[in-house]
Amino acid sequence: MTVIRDKVEYLPAPVSIRDPALRRYVDHALFGQPDHIGAGGPFRRPMRPQDINQVLASPLLTARQLTTNAALMAHRILTTIYEQDLVFLPQHRDAGSFADFSAFYSHELRDIGLMCRTGLERMTFQWLDDEVRPVGKWTVEGMREFLKGRLAEENAGQSKVCAELLGARDPAAAARRFLVQLSGDFLTEASAMARNTLGAYGPGLSGLFTILIDEYGYGVHASKHSTRFEDTLRSVGLSDQVHHYWPWYLPTSLALVNYFHYVSAHHDRFFRYIGALLYTEGTLHEVNRQQSIMLKAALGPDVDTLYFDEHAQIDILHSDMALERVIMPVVERCGPSVIPEIVRGFEEFAVLQALADEDLIGHIRWTDGLKEMRVHGPIVEKAMQGPRVLTFTESAGEISVPHVHDVDEMFLVESGSLTFHACHDAHIEMNAGDAILIPRGRLHGTVITSGSCTYRVASMEENA
Amino acid sequence: MIATFSPDGHTVATVGDDRFVLLATPTHGPLVVRDRCRHRGGPLRLGHRECGKNKLSCPWHGFKVSDNALLRSAAPAVRIGQTVRALLPGAPEALRLLRMEIPANGG
């Protein structure tokens, strides 16, 4: 058969400072200043449009830059663009909720988003093309042995995240913050998977569809996996609404969601998708087993862990199904030339998951030890004498939407007062003279609580 | 079985009488190949490259092995950053991982 190697001479431009579409997208009222610092939902997604230049000026990210503010903003935008393909309905029966719904799905906003999508994907995921590279001659038997061996490696030992949570000063709060990070994915679980169940590719499609309908509880709403996760959230006093905790998602939590949309929205990456699918289905049963134990230990007997307990059992089946009923029929149909892409998808998601776990551990430490980050004395004075000090004066109620910094920063309140937030339930009150050290990559936002407040932020560049 | 190699970790694996080595190729990046020249079986890890060349010279007879040929004979593997996870033949209990300098990699 003739091999066609021709490619259309089109390379989507990287996100650039000249890109007016991206600016127009984030300037939409749905994504602007919120009413309160924790505001979020399926339609209103605060994004800090004032930071858009950081994204526009950003080069393609590397593995080390996944926790920068540009990465956070790019992933917030990308999640939103992908999720304009999903269906969310107005949350309330009032006209305002319907207006939000209509605005979110407006043709104009969707079209602008689609113009930006490829550039944002290159910015956030192209590094994986270099980071993960399969080589050598792969056979079907070799692929099966490799994937099973890798799953056994990944499933060995104790989850570092679970160990960190149980070792926190306040394990219950840490566990809730962990659930908040999961909620960005689990409440819309398997939506990206559904993108791969249209079309015609033989028995592999039917295998994938079986996994999908299992995730969707075979049409019994109470059994839908996302419904089970809603039960978990409510059982520990958390909201079960989609993206209620939007401002508090870490960039790496969003990256996990976006990766599945990325490889599912572009079908030339289908083989990577099924590799990544095997990674998640093949590791979740062990991870969820450990998470269930951790949640009970941290939150007590009232936490509803059925979601985790069910996955601990069912994902053993899903792991076999992903390998035997999706991957193997697809390889049988397409031949061994697709194997490197399958292996690549498996390893790409493994890399992302490891980085997300590391970021989550950093977040847990930051929020758990927030009060310890207060500093005073000469270290503050020295920082404020540095070359990169910015001064801000804001008025009562003004909100700084949660964000991160790319270097360690010293934050000093000069006059007035504010509330400093590190996540949905961790905050400290700061008055004139109070200072805090904010490590790079750690999420935070502020709300001014006095008539006026002046604060100074010093970059600790040498720590970058 | 899966064996994990990296420049600052394990660079050589033996499986029975077979020896596999992590070679850094300028053209294709790190590859895991049999440490055996296809000419007369010389140890490729002890070979050398002329600066900027994409061919490795076997230390026994100077047989030149191109990077493309190394790629064709490489074990199926995935490179993740500087780490290479390779699928090697044989039983896991026969695997020995070693940390050795690889002169062919220039150091």
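Chain B and chain A bury about 1,400 Å² between them, of which 60% lies on carbon and sulfur atoms; buried area here is the accessible area (1.4 Å probe) that two parts lose on being put together, summed over both. Within the area that chain B buries against chain A, B:I2, B:V78 and B:R79 supply 35%, more than any other three residues. This is a predicted model, in which local features need pLDDT of at least 70 and side-chain atom pairs count only at pLDDT 80 or more, while totals for chains, interfaces and linings use all residues. Residues are numbered from 1 along each chain as its sequence is written, chains are lettered from A and ligands numbered from 1 in the order in which they are written, and side-chain values use heavy atoms, with hydrogens and water left out.

In terms of contacts (heavy atoms within 4.5 Å), 15 residues of chain B meet 18 residues of chain A. Across this interface the rule finds 1 salt bridge, a salt bridge being a side-chain nitrogen of Lys or Arg within 4 Å of a carboxyl oxygen of Asp or Glu. A:E347 forms a salt bridge with B:R85, and the closest N and O atoms of the pair are 2.7 Å apart. On the side of chain B that touches chain A, the elements that give two or more residues are β7 (77-80) and β8 (83-87) of chain B, and β7(B) gives the most, with 4 residues. Helices (H or I, at least four residues) and strands (E, at least two) are DSSP runs, numbered from the N terminus.

A:E347 also takes part in a salt bridge inside chain A, where its side chain meets that of A:R150 at 2.6 Å, N to O. Because A:E347 lies in helix α16 (residues 339-368) of chain A and A:R150 in helix α7 (residues 140-154) of chain A, the pair ties together parts that are 197 residues apart in sequence. With buried meaning under 20% relative accessible area, exposed over 50% and partly exposed in between (1.4 Å probe, protein chains only), A:E347 is buried at a relative accessible area of 0%, and A:R150 is buried at 1%.

A search of the whole structure finds 33 salt bridges over all chains. Among them is the pair A:E121 and A:R117, with closest N and O atoms 3.5 Å apart; both residues lie in helix α5 (residues 107-125) of chain A, 4 residues apart, about one turn of the helix, and both are buried. In helix α14 (residues 270-299) of chain A, A:R289 and A:E286 are 3 residues apart, about one turn of the helix, and their salt bridge brings the closest N and O atoms to 2.9 Å. Here A:R289 is partly exposed, with a relative accessible area of 40%, whereas A:E286 is buried at 15%. Salt bridges also link A:D129, A:R272, A:E341, A:R344 and A:E348 in a network.

Turning to the strands of chain A, β6 (residues 417-423) and β7 run antiparallel and are joined by 6 bridges, two strands being paired if DSSP finds at least two bridges between them. They form a hairpin with 2 residues between them, and A:F420 has A:I428 as its bridge partner in β7(A). In a regular strand the side chains alternate between the two faces of the sheet. A:S417, in strand β6 of chain A, counts as buried at 14% relative accessibility, and its side chain makes a polar contact of 2.8 Å with the side chain of A:T449.

Chain B contains an open sheet of 4 strands in the order β4-β3-β2-β9, with antiparallel pairing. Since β4 (29-34) and β9 (95-98) of chain B stand at the edges with a single partner strand each, one side of each is left without a neighbour in the sheet. Strand β3 (residues 18-25) of chain B pairs with β4(B) over 6 bridges, and B:F20 stands opposite B:R34 in β4(B).

Note on methods
A polar contact is a pair of N or O atoms within 3.5 Å; within protein, one must be able to donate a hydrogen and the other to accept it, and residues adjacent in sequence count only if both atoms are side-chain atoms.
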